[in-house]
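Let's look at how protein chains sit against each other, one pair at a time. Keep the structure open while you read.

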There are 4 protein chains.
Amino acid sequence: MDLKMDRAALETFLAREFPQAAAEMTVLSVRAGAAELRLEVSDRHLRPGGTVSGPSIFGLADVAMYVAVLSALGPEALAVTTNCSIDFMRKPKAGQALVAEARLLKLGRVLAVGDVLIRSGEGSDPVARASLTYSIPPKR
Amino acid sequence: MDLKMDRAALETFLAREFPQAAAEMTVLSVRAGAAELRLEVSDRHLRPGGTVSGPSIFGLADVAMYVAVLSALGPEALAVTTNCSIDFMRKPKAGQALVAEARLLKLGRVLAVGDVLIRSGEGSDPVARASLTYSIPPKR
Amino acid sequence: MDLKMDRAALETFLAREFPQAAAEMTVLSVRAGAAELRLEVSDRHLRPGGTVSGPSIFGLADVAMYVAVLSALGPEALAVTTNCSIDFMRKPKAGQALVAEARLLKLGRVLAVGDVLIRSGEGSDPVARASLTYSIPPKR
Amino acid sequence: MDLKMDRAALETFLAREFPQAAAEMTVLSVRAGAAELRLEVSDRHLRPGGTVSGPSIFGLADVAMYVAVLSALGPEALAVTTNCSIDFMRKPKAGQALVAEARLLKLGRVLAVGDVLIRSGEGSDPVARASLTYSIPPKR
């Protein structure tokens with residue numbers, strides 16, 4: 001896989017196509033088929049009790065995989081998630097940003113498949129893992 | 001399975017424990033191990049292009065299964081999602097509420113397993129399906 | 001969805017293309033996008049302790065969904081499973097055939113998605129549930 | 001995590017508890033919470049066309065995760081798979097053994113979660129990935 005979009009190109013693309021995601025997530029690093037993103041946790045991501053909500057963790061995994069797909073595919077706003085299987089393994093630490101590491105395992109003609117590990121704070125055990133499939137529109 | 005909480009009890013419980021979910025979702029009906037919920041779609045659930053975001057659909061599936069679990073288990077705020085596998089199959093229709101039908105397939109000592117179908121508008125083909133596992137805390 | 005292959009056509013197709021599956025599974029009934037199959041459990045499906053092995057249950061779910069796809073798509077030997085998420089919920093009863101009910105939830109241009117419930121003996125609680133995605137080859 | 005069973009102990013345990021798996025799979029290496037296994041592909045694993053069947057790949061992923069769980073948990077014949085989500089990404093090469101790399105991501109009181117990458121031949125792109133949850137019996 002070759003790198004089709006670098007970090008700056010990906011952040012510009014996200015800010016234009018997915019402004020909500022871009023407002024709260026930062027692309028920390030990118031390689032062809034791999035990306036690391038950070039989610040700044042704020043009140044709107046919290047559940048009662050202070051832990052990060054499932055939909056917020058799911059959303060971070062989804063965008064991290066999307067960025068990994070784009071890094072190897074180029075700008076393709078119409079790639080859509082068709083499947084996600086996610087395991088919630090530990091409670092995120094209070095007051096910590098979440099960091100997602102996504103890697104693309106297959107970039108096919110119609111499907112892209114990869115997985116994501118999400119940590120809460122540097123070097124800690126993962127709070128969640130997800131595998132995702134994206135459908136790639138024809139005639140690109 | 002016996003019904004441990006009726007619709008009124010579930011709505012009161014949700015409003016107290018998960019006020020964010022309760023503010024946008026309505027419990028339409030409930031039986032022991034089955035629940036039907038509606039999500040009123042507003043701007044904050046939309047992605048660019050006007051379709052409902054993945055995290056919003058995931059969140060609805062998650063709460064619908066939670067309500068189905070509680071209906072057969074009784075009030076248990078500490079049940080947590082450990083796994084979700086979700087297939088996004090069709091684009092939701094613009095301007096339609098989403099309706100989720102959840103059914104519990106197993107209520108064990110430590111795990112509850114079930115699945116959810118989500119439709120966009122009455123009687124239409126499903127936009128998503130999800131299967132979820134909840135972990136039930138010990139010593140209840 | 002229209003019925004493209006009836007029970008007799010499906011059994012002939014399976015016997016030719018998947019003789020191993022056809023030797024141990026029976027198509028009990030079929031509608032457009034739905035199929036019911038039975039697996040006769042023999043020694044080669046058992047794990048120590050007498051329960052049916054995970055791969056045998058997986059294999060039944062996979063073939064049941066394949067038959068449901070073919071019922072609505074017509075004979076297509078090259079459709080392949082791209083994803084399966086399976087929950088093992090209960091131990092199958094000793095000495096009982098397994099029965100799988102598959103339903104197709106989406107038949108798209110490139111992907112077919114559905115789910116399967118597997119029971120051990122008539123009317124009993126499900127021993128497993130699975131959701132599967134099949135990839136459909138182009139130019140059919 | 002500490003190593004509770006080394007390679008020799010795991011092979012002895014598998015041969016006694018799961019003789020069918022032990023007959024066709026080799027534990028190549030093991031660390032606490034990680035294991036590498038090889039499946040010698042023979043006729044009984046093949047589908048028409050010469051590719052390895054889905055149930056055979058599933059079975060390898062399942063045993064590889066089981067070995068990774070035991071490596072950190074110690075001998076526990078009663079740990080059972082409760083969920084597996086598997087992506088089939090590429091056709092295995094004809095005439096090649098499959099190699100599975102399993103890693104444990106969480107070893108909790110009641111659940112163990114991990115994932116597996118499966119390759120067909122040294123250093124090649126993965127043919128499948130799987131994530132699995134095992135339920136651990138109480139009072140060990």
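This is a predicted model: local features need pLDDT of at least 70, side-chain atom pairs count only at pLDDT 80 or more; totals for chains, interfaces and linings use all residues.

Residues are numbered from 1 along each chain as its sequence is written, chains are lettered from A and ligands numbered from 1 in the order in which they are written, and side-chain values use heavy atoms, with hydrogens and water left out.

**Chains B and A: size**
- Chain B puts 21 residues in contact with 21 residues of chain A (contact means heavy atoms within 4.5 Å).
- About 1,700 Å² is buried between chain B and chain A, and carbon and sulfur atoms give 50% of that (buried area is the accessible area, with a 1.4 Å probe, that two parts lose on being put together, summed over both).
- B:Arg47, B:Phe58 and B:Phe88 supply 27% of the area that chain B buries against chain A, more than any other three residues.

**Chains B and A: what touches**
- Helix H2 (19–24), helix H3 (54–73) and strand S3 (80–88) of chain B each supply at least two residues of the side that touches chain A (helices, H or I, of at least four residues and strands, E, of at least two are DSSP runs, numbered from the N terminus).
- S3(B) gives the most to that side, with eight residues.

**Chains B and A: strand pairing**
- Strand S3 (residues 80–88) of chain A and S3(B) pair in the antiparallel sense over five bridges (two strands pair if DSSP finds at least two bridges between them).
- One bridge to spot: A:Ile86 has B:Cys84 in S3(B) as its bridge partner.

**Chains C and D**
- Here the contact takes 22 residues from chain C and 22 residues from chain D.
- The area buried between chain C and chain D is about 1,700 Å², with 50% given by carbon and sulfur atoms.
- C:Arg47, C:Phe58 and C:Phe88 supply 26% of what chain C buries against chain D, more than any other three residues.
- Across the interface of chain C and chain D, the rule finds zero salt bridges.
- S3(C) and strand S3 (residues 80–88) of chain D pair in the antiparallel sense over five bridges.
- In S3(D), D:Cys84 is the bridge partner of C:Ile86.

Note on methods: A salt bridge is a side-chain nitrogen of Lys or Arg within 4 Å of a carboxyl oxygen of Asp or Glu.
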